[in-house]
Amino acid sequence: MTTNQPLPGERGDVLQTLVEQRHMLRITVRGIGDEEASKRTTVSELTLGGLIKHITRCERAWLRLLLDGDGEVPEEMMDMNQYTMTAGETLAGLLDEYAAAAAFTDETLAGLPDLDRTVPLPIMPWSPPERQYWSARRILLHIIRETAQHSGHADMIREALDGANSTAQLGVDSANGAFG
């Protein structure tokens, strides 16, 4: 979160849950270099760097949907390289982009008049044929779900890479009083 003052009520609870899920994803890539971040360790094409990049694009795309409110497909949603750490990208750079996207989400959430604002979603090949409308609340819950799901993927990739475990890292953080 970009401020030391937690938001009250539901908004604060939703944001704190997102902060915690982001933290779990970030600790999964702690201590690895660019080569490891771009390495496949399972039959999946997913890599740690690619997952960080995707989650960044995901947060940005869903915030664009919320803020623009026009039901158009955000550019980030159609980025076909969003799952791949490409040549010239670094894990540090991807994490910086992720931090910037997270700060923007946090600031946007803090400034929304309420979480009931509803916007149309784009009609995509994988969505229902009729237009769907989601509230800001549902969009934020979706971002949390995406982050948690991909954090689990990242944990499996990292464990296959070098045996590291994010739960153990979380224990180290908790013992040191660090979280978020």
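# A tour of a predicted helical model

Just after helix H5, Gly163 takes a positive phi of about 85 degrees. The model you are looking at is predicted, so local features need pLDDT of at least 70 and side-chain atom pairs count only at pLDDT 80 or more, while totals for chains, interfaces and linings use all residues. Residues are numbered from 1 along each chain as its sequence is written, and side-chain values use heavy atoms, with hydrogens and water left out. Helices (DSSP runs of H or I, at least four residues) and strands (DSSP runs of E, at least two residues) are numbered from the N terminus.

- Helix H5 has 27 residues, and from its first C-alpha to its last it reaches 39 Å, close to the 39 Å expected at 1.5 Å a residue. That expected span is 1.5 Å times one less than the number of residues in the helix.
- Helix H3 has 21 residues and reaches 30 Å between its first and last C-alpha, close to the 30 Å expected at 1.5 Å a residue.
- Gly69 follows H3, and its phi is positive, near 65 degrees.
- Helix H4 (residues 91-111) also has 21 residues, and its reach of 30 Å from first C-alpha to last is close to the 30 Å expected at 1.5 Å a residue.

**What is buried and what is exposed**

- Buried means under 20% relative accessible area, exposed means over 50%, and partly exposed is in between (1.4 Å probe, protein chains only).
- H3 is largely enclosed by the rest of the structure, because 17 of its 21 residues are buried.
- In H4, the buried residues include Leu91, Leu94, Tyr98, Asp106 and Leu109. The buried residues of H4 pack against H1, helix H2 (34-37), H3 and H5.
- Thr147 is found in helix H5, and with a relative accessible area of 1% Thr147 is buried. Leaving out residues up to four places away in sequence, Thr147 touches Leu18, Gln21, Arg22, Ile55 and Tyr98; contact here means heavy atoms within 4.5 Å.
- Val119 sits in strand S1 (residues 118-120) and counts as buried at 1% relative accessibility.
- Among the residues that Val119 touches, not counting those up to four places away in sequence, are Leu65, Gly69, Trp134 and Ile139. From C-alpha to C-alpha, Val119 and Ile139 are 9.5 Å apart in space, and they are 20 residues apart in sequence.
- Asn176 lies in the segment after H6 and is exposed, with a relative accessible area of 60%. Asn176 and Pro113 are 63 residues apart in sequence and 36 Å apart in space, C-alpha to C-alpha.

**An aromatic pair**

- A pair of aromatic rings is described by the distance of the centres and the angle of the planes.
- How many aromatic pairs does a search of the whole structure find? The search finds one.
- Trp62 and Trp134 form this pair, which is stacked, with 5.2 Å centre to centre and 10 degrees between the planes. The pair links distant parts of the chain, since Trp62 is in helix H3 (residues 48-68) and Trp134 is in strand S2 (residues 133-135), 72 residues apart.
- Rings of Phe, Tyr and Trp (its six-membered ring) pair if their centres lie within 6.5 Å; planes under 30 degrees apart count as stacked, over 60 as edge-to-face and the rest as tilted.
- Both Trp62 and Trp134 are buried.

**The largest pocket**

- On a 1 Å grid over the protein atoms alone, a pocket is an open set of points with protein on both sides within 12 Å along at least five of seven lines, a cavity is a set where a 1.4 Å probe fits but cannot get out, and lining residues have an atom within 4 Å of a point.
- About 450 Å³ of space lies in the largest pocket. Trp62, Met77, Met124, Trp126 and His142 are the closest to its centre of the 25 residues that line this pocket.
- A volume is the space filled by probe spheres set on the grid points, which are joined across faces, edges and corners.
- H3 gives the most to the lining of the largest pocket, with six residues.
- The lining of the largest pocket divides into 13 nonpolar, six polar and six charged residues. Ala, Val, Leu, Ile, Met, Phe, Trp, Tyr, Cys and Pro count as nonpolar, Asp, Glu, Lys and Arg as charged, and the others, Gly among them, as polar.

**The cavity**

- The structure holds one cavity of 30 Å³ or more, and about 40 Å³ of space lies in the largest cavity.
- Residues lining the largest cavity include Ile27, Arg30, Asp155, Arg158 and Gln169.
- Helix H1 (9-28), helix H5 (136-162) and helix H6 (166-175) each supply at least two residues of this lining.
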